[in-house]
Structures are given as structure tokens and as C-alpha cells.
Amino acid sequence: MARNWLFDHFNAFLERRMPEGLFPRALIILVAPVVLLQTIMTGLILERHFENVTRLLARSYARDVSLLVQLYEDSDKSAAAEDRIEALANGTLSLGLTIEKGQLPPPLPEPFFSRADTRLAREFTVQMKRPFWLDSREQPDYVEVRVLTGKDTVFQFRTRGERTFATSTGFLLALMLLSSLLLLGIAIIFLRNQIRPITDLARAAQNFGTGRDLGSFRPRGAREVKAAGEAFLDMRDRIARQVEQRTAMLAGVSHDLRTILTRFKLELAVLGDGPKVQPLKEDVDEMQHMLEAYMAFVKGDAGEAAREVNLADLVRTAARASERDGGTVDVEVTQGQMVRVKPNAFGRLLSNLIGNAVRYARTVKVTAKVSDHMLTLLVDDDGPGIPPEQRAEAFRPFVRLDNARNLDETGTGLGLAIALDIARAHGGELKLEDSPKGGLRALVQIPV
């Protein structure tokens with residue numbers, strides 16, 4: 001139980017901290033273990049490399065120094081002997097030897113952390129068996145060693161650091177870092193190529209959901225991703241065939257029903273305009289409007305293609321049509337803004353929302369703007385509004401509230417349902433809120 005609790009909380013923590021995109025997540029999954037392993041291996045390799053090379057160089061250096069001191073002690077200690085030893089040390093061995101008279105300086109404090117000094121001092125202690133003085137900090141590129149032989153003869157060695165301890169660690173580290181970055185760059189390129197088909201599939205699905213053209217999408221990538229793309233295209237074709245069949249069927253039904261209604265109208269026209277005939281004519285007209293509303297709701301956008309249209313023209317056209325039914329509509333929209341929508345469907349959305357507001361309010365304000373690739377449409381009125389707890393119910397087809405605020409002009413209860421379907425068909429959303437004018441606000445947001 002505790003194990004599951006910890007596992008769930010750990011997963012929740014990772015979910016909050018991980019980036020949302022698939023590419024950065026896959027990159028972290030790929031890079032994090034490699035970086036961790038590379039760091040550990042680099043530490044181990046550098047540790048072994050530095051330790052081994054420094055040990056061998058320090059031992060060789062200490063033996064060379066010890067050999068020169070021993071040669072001097074075995075000689076007659078004359079000036080000629082000193083010259084021969086200095087020539088050997090400074091020529092062949094490159095130890096930087098100077099033989100002087102004097103004593104060793106006071107010992108320096110032991111460094112806090114210097115593995116090279118520690119290793120060098122250890123090797124001199126083992127090899128030399130004589131008093132010595134060591135300094136590798138005053139001049140970073142050199143090591144100074146003084147050895148006392150006899151009573152007052154000091155061998156002073158000033159040798160380059162590369163002769164005594166490993167100095168190529170930085171180069172090795174840079175080489176490993178460069179190779180890691182190179183391999184990481186290649187991995188990122190390959191990973192991006194593997195992720196791109198997935199993002200293309202997501203973009204194609206989004207375009208299809210909003211009724212837009214899929215563009216040049218074709219299944220590619222790994223076998224599973226390619227299979228998902230092919231399944232998506234098959235689904236699109238099946239949906240297109242189903243919509244086409246439904247549209248054809250509804251067109252036939254609509255034609256048959258309109259034929260019957262036309263026959264009714266002709267028969268009523270023959271009967272004249274008597275007091276008993278007029279209600280029948282009104283009933284036939286209402287049936288005609290209801291039929292058109294039902295067909296519009298079931299057909300949806302009927303496969304209409306999206307195209308660039310002038311937003312101001314669409315909004316003003318819908319506002320003028322609603323003003324003919326009474327009411328005042330104030331339009332606030334920037335002239336010349338172009339949006340990519342389905343013109344007929346979006347015009348129906350505007351007509352339903354504005355017409356519904358005009359029907360139950362004295363004044364209506366319509367605001368439309370495009371910002372950050374988002375089309376925002378606001379329809380505010382000063383009518384009775386809809387209580388918050390009933391707003392979700394208002395979007396259900398054929399549902400009529402007490403105030404009938406979800407009715408379109410035909411009285412079928414489909415106005416908001418049709419508007420919501422059109423907004424979602426464009427990849428957007430329709431919400432109902434309280435209006436600053438005191439009535440209802442219809443908020444439509446559609447990505448463009």
C-alpha cells in the first residue's frame with residue numbers, strides 16, 4: 001500500500017515537473033541516462049587516468065633526481081663533477097638543475113587538497129632517503145625540488161609540471177565533452193525526425209476536426225506511427241462517406257417534405273383567406289420553418305470548406321438581418337480583418353446568437369476581434385438572461401427554458417445547439433456568461 005502511494009506521488013511529481021511536449025519529454029528520457037552515465041564514466045576514467053599517470057611520472061621524476069644525487073655522492077665532488085651532472089640533468093633529462101651551497105628552506109604548509117603534491121612527496125620519500133623540500137604552487141607550470149646532500153650542498157631542480165604530473169586532464173575532459181555534444185546533436189536530429197510524423201498527425205487531426213484541409217499530410221515515420229496515420233486517413237474517409245450519405249439522404253427527405261408542404265400551400269391558396277384558412281396557413285409556414293431548422297441542425301456544416309472572409313462583413317450582415325426583426329444592434333469590429341472560417345456556417349452562428357439576443361432584449365452589442373490567432377466574438381444584451389445553473393441545459397437540442405432564451409427565431413429550441421456545434425466544428429467553444437449590460441453574454445472563441 002505504501003509502495004503504491006509513493007509510486008503514485010512520484011508519478012504525480014514527475015507529471016507536474018515534466019514539460020508538456022512529446023519532443024522535450026523524449027529528449028529528457030534519452031539524454032538524462034546518457035548524461036548520468038557519461039558523468040559517472042568520465043569521473044571514473046579521469047580518476048584512474050590522473051592517478052596512474054601522476055604516479056608513474058612522479059616515480060620517474062623522483063628516481064631521476066635520486067640517480068643524479070647518487071652520482072654526485074659517488075664522485076669526487078669536484079667542480080668538474082658538478083658540471084658533468086648539471087649537463088646531464090639539464091640536457092638529456094631536462095630537470096633544470098642548479099647546484100648551490102646552502103641549506104633547505106623551512107618546509108611549506110601541507111596543501112589542503114593537492115593530489116599531485118601528495119603523490120610527488122610520497123615518491124620522493126620512498127626513493128630519496130634524504131632531506132628534501134618541495135614546492136609546486138608558487139609557479140603553476142613548474143615544480144621546484146631541493147635536495148640536501150652532504151652538509152651544505154643543495155641540488156635545486158626547477159622542472160616543468162608536465163614532467164612530474166598529469167597535465168592533459170583538461171584536454172581529455174574537453175575531448176569527451178565534445179564527443180558527447182556531437183553524439184547528443186546527432187541523437188536530437190534523429191529524435192526530431194521521429195517526433196515530426198507524430199506532430200504532423202496531430203496537426204492533421206486538428207485540421208480535420210475544424211474542417212480545414214489536411215495539406216500535404218501522408219503517413220510516415222516508424223511502423224506504429226505510420227499505422228496510426230493510415231488509420232486516421234481511413235477514419236477520415238469513412239466519416240466523409242457517412243456525411244455524404246447522410247447529406248444525400250437528408251436532401252431526399254427534405255425534398256419530399258417540401259413537396260408535401262408546397263402541395264398544402266397550393267390547396268390552402270385555393271381555399272382563399274377565410275378565418276378558418278388563415279390559421280392553417282400559419283401552421284404550414286411554421287412547419288416550413290421548423291423543417292429548415294431541423295435540416296440545418298442535422299446537416300451541420302454539410303462539408304463546407306473554410307476560406308478567408310472579411311469578419312466585419314459577416315458580423316454586419318448578420319446584425320442587419322436581426323435588426324429587421326426589431327431591436328437595436330451595436331456592432332464593434334475592426335474593419336478589414338480577415339479570418340479563415342466556413343462562411344455559411346459561421347453566418348448561421350452569428351444569426352442565431354444575435355437573433356436570439358434581439359428577440360429577448362432591447363439593445364444588443366456585438367464585439368468581434370482577432371488577437372493572438374484567436375477570434376473572439378461577444379454578444380451582449382440587456383434581456384432577462386439565463387440563470388447559471390440552467391446554462392448548460394440551454395445548449396441541449398429541443399430544450400426550452402422558462403424564458404425561452406435558447407430559442408431561435410423559429411421557436412424550435414435549436415438556436416444555441418446549432419451555434420455550439422458550429423463553434424466546435426471550427427475548433428472553438430461557445431460559453432454563456434453574465435453580461436455587463438445586465439443580461440446574457442454569449443462568448444465564442446475560435447482559433448484562426
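Q: What should I know about the model before we start?
A: The model is predicted: local features need pLDDT of at least 70, side-chain atom pairs count only at pLDDT 80 or more, and totals for chains, interfaces and linings use all residues. Residues are numbered from 1 along each chain as its sequence is written, and side-chain values use heavy atoms, with hydrogens and water left out.

Q: How many salt bridges does a search of the whole structure find?
A: It finds 13. A salt bridge here is a side-chain nitrogen of Lys or Arg within 4 Å of a carboxyl oxygen of Asp or Glu.

Q: Which residue does Asp200 form a salt bridge with?
A: Arg203. The closest N and O atoms are 3.0 Å apart.

Q: Where are Asp200 and Arg203?
A: Both are in helix H5 (residues 169-209). They are three residues apart, so about one helical turn separates them. Helices (H or I, at least four residues) and strands (E, at least two) are DSSP runs, numbered from the N terminus.

Q: Which residues are linked in a network with Arg220?
A: Asp200 and Arg203, through salt bridges.

Q: New topic. What about Asp434 and Arg391?
A: Their side chains meet in a salt bridge, 2.3 Å from N to O. Asp434 lies in strand E10 (residues 429-434) and Arg391 in helix H10 (residues 391-394), so the pair ties together parts 43 residues apart in sequence.

Q: Is Arg391 buried or exposed?
A: Buried, at 13% relative accessibility. Asp434 is exposed, at 52%. Buried means under 20% relative accessible area, exposed over 50%, partly exposed in between (1.4 Å probe, protein chains only).
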